[in-house]
Amino acid sequence: MYPLSVVGLGPGHPDYILPAAKKAIEAAEVILCGERHLESFDTEGKELLIIGNGVPLSMLVQQVKAVYLNTRTAVVVSGDTGFYSLLSYLEKMIPRENMRVIPGISSLQYMFAMMGMSWQDAAFMSLHGRDQDIMSRVAVSKAVGILTDQEHNTAYIASVLKDNGCTDKWIYVGEDLSYENEGITRLSVEEALTFQEEGMAVVVIADE
């Protein structure tokens, strides 16, 4: 009888995958993950359940639920397991005591490190597939870290700041974090209005 391993992959590059996460992925016979995650580990000999290939997530999780007790199974998520990952969804379908959760380095944690900025007093939010009140976070925090999507992108965030008269902030955009083509760009609110990301991105709004 095995627990289901829920594994945080970190920002993406294998150098930033924790040793415990690597061991869990190597041991797994069945892995549920996103297609991009396949770049980060060896998939040879493993049964792969890929999120976003046309099969509803609920059906994929049902497949996991059917096999994990008798087969070493891992659900691999981006960043950290406890920060806007599949963990909260899995908890609705699989008993918590049957899961082994292995943390990872979140993309925003990595971003703050690359900026040389502490993050203990920052606020965090995700606009990935959801609407949230950006200004309520900006009003109480000197730095706000944001997960974005194609609609709620850098230009969108800048427009919200401008529309609310908050033009004295700096916007940092992190693209393809931890990969060779990583880019971190510092923009004024006005500059950010026309900025277009290339690939995956996170944003930090800061005073300096």
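In the predicted model, the loop between β8 (170-175) and β9 (183-188) contains Ser178. The phi angle of Ser178 is positive, at about 80°, although this residue is not a glycine. Most residues other than glycine have a negative phi. Ser178 has a relative accessibility of 7% and therefore counts as buried, the limit for that class being under 20%. A positive phi in a residue other than glycine is also found at Tyr84, where the value is near 50°. Tyr84 is placed in the loop between β4 and α3 (87-90). With a relative accessibility of 38%, Tyr84 is classed as partly exposed.

In soluble globular proteins, nonpolar side chains tend to be buried together. The largest nonpolar core of the model comprises 22 residues, of which Ile134, Val138, Ile146, Ile157, Leu161, Ile171 and Ile205 touch the most other members. Two or more residues of this core are supplied by each of β6 (123-126), α5 (134-138), β7 (143-147), α6 (154-163), β8, α7 (189-192) and β10. The greatest contribution comes from α6, with 4 residues. Apart from this core lies another, made up of 17 residues that include Leu32, Val75, Met93 and Ile94. When neighbours within four places in sequence are left aside, Ile146 is in contact with Leu108, Met125, Leu127, Ile157, Val202, Val203 and Ile205. Of these partners, Ile157 and Ile205 are also listed among the core residues that touch the most other members.

The largest pocket has a volume of about 1,200 Å³, and 39 residues form its lining. His37, Ser78, His128, Leu147 and Met200 lie nearest the centre of this pocket. The elements giving two or more residues to the lining are β4 (73-77), α4 (107-115) and β10 (201-206). By class, the lining of the largest pocket consists of 16 nonpolar, 16 polar and 7 charged residues.

For the second largest pocket, the volume is about 190 Å³. Its lining is formed by Met117, Ser118, Trp119, Gln120, Asp121, Ala122, Ser141, Lys142, Ala143, Ala206, Asp207 and Glu208. This lining divides into 5 nonpolar, 3 polar and 4 charged residues.

Note on methods: Residues numbered from 1 in each chain as written. Predicted model: local features only at pLDDT ≥ 70, side-chain atom pairs only at ≥ 80, totals over all residues. Heavy atoms only, no water. 1 Å grid on protein atoms, 1.4 Å probe; cavity = no way out; pocket = protein on both sides within 12 Å on 5 of 7 lines; lining within 4 Å. Points joined across faces, edges and corners; volume = space filled by probe spheres on them. Nonpolar A, V, L, I, M, F, W, Y, C, P; charged D, E, K, R; others polar. Buried < 20%, exposed > 50% of the residue type's maximum accessible area, 1.4 Å probe, protein only. Core = buried A, V, L, I, M, F, W, Y, C linked by side-chain atoms within 4.5 Å. Contact = heavy atoms within 4.5 Å.
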